[in-house]
Amino acid sequence: MSTNQPHDPTQQPIWQPPMVPAPPVPAPPGKSWFARHKIITGLLALVLIGIVASAVNGGGSGSPTNTSSGAAGGQAGDASAEDAPASAKVGQKVRDGQFEFTVTKVQKGVKSVGDQYLNEKAQGQFVLVNVTVSNIGDSAQTLSDSSQKVRDAKGREFSSDTAAAIYVKDNKVFLEEINPGNTVKGTLVFDMPKGTEPASIELHDSAFSDGVTVQLR
């Protein structure tokens, strides 16, 4: 016996809401780059702290900065930076941070430095700047020739040639640690185009110091 009920054409179908898929569960927020690389972040922080410490120590606490004095008289040690001229000349003492500089001689048009066996040839011409450097601070400070810059009359900036400075005999200014009260002498070497006149040199206690300018002509 069949149990199927006869279909009633007058009966309306029952409405059912459409099936809507559930929204996806949001993924947990990812960690930042710094959180995922804790070791690298720590190293970067240490490097940043070291750079800041070098900048602070480079100034040399308690030492005059950016001052110049005449070759005679020796009164610039007591003069303030505001009273000092904007730039000095060859033979005058100038100070930046813990160092006191004196440019004693400038030689242009040098083709090479060194001897017949070990030497370095200039791309253009070597300009040799003889300097005397004294540590007037209270702690040791490293003098680096790479922190010193020469400019020509057009304002172009020239970096020192450390590779050539190595071949200059008895050179003590291309990378030298100077203790308080000590003085060294040496030659800064700059490779400049032939015929170019060096107008000034900017001398620095460190790569982070303000520097002091000496006119070379």
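1. Basis. This is a predicted model, so local features need pLDDT of at least 70 and side-chain atom pairs count only at pLDDT 80 or more, while totals for chains, interfaces and linings use all residues. Residues are numbered from 1 along each chain as its sequence is written, and side-chain values use heavy atoms, with hydrogens and water left out.

2. Overall make-up. The chain has 3 helices and 12 strands. Both are DSSP runs numbered from the N terminus: helices are H or I with at least four residues, strands E with at least two. Of contacts between residues at least 6 apart in sequence, 66% join residues at least 24 apart. A contact means heavy atoms within 4.5 Å.

3. Surface. The accessible surface of the chain is about 14300 Å², and carbon and sulfur atoms hold 55% of that. These areas come from the Shrake-Rupley method with a 1.4 Å probe; for residues, only the protein chains shown count as cover. Buried residues make up 34% of the 217 in the chain. Buried means under 20% relative accessible area, exposed over 50%, and partly exposed in between (1.4 Å probe, protein chains only).

4. Arg-95. Look at strand E3 (residues 93-96), where Arg-95 sits. Arg-95 is buried, because its relative accessible area is 17%. Its side chain makes a polar contact with the side chain of Glu-100 (2.9 Å). A polar contact is a pair of N or O atoms within 3.5 Å; within protein, one must be able to donate a hydrogen and the other to accept it, and residues adjacent in sequence count only if both atoms are side-chain atoms.

5. Gly-211. This residue lies in the loop between strand E11 (198-203) and strand E12 (212-215). Gly-211 is buried, at 12% relative accessible area. Gly-211 and Arg-95 are 116 residues apart along the chain, yet their C-alpha atoms are separated by 8.4 Å.

6. Asp-170. Check the backbone here: phi is near 55°, a positive value in a residue other than glycine. Asp-170 is in the loop between helix H3 (162-165) and strand E9 (175-178). Asp-170 is exposed, with a relative accessible area of 60%.

7. Cavity lining. Which residues line the largest cavity? They are Phe-101, Val-131, Val-133, Leu-143, Gln-148, Val-173, Leu-188 and Leu-203.

Terms used
On a 1 Å grid over the protein atoms alone, a cavity is a set of points where a 1.4 Å probe fits but cannot get out, and a pocket is an open set with protein on both sides within 12 Å along at least five of seven lines; lining residues have an atom within 4 Å of a point.
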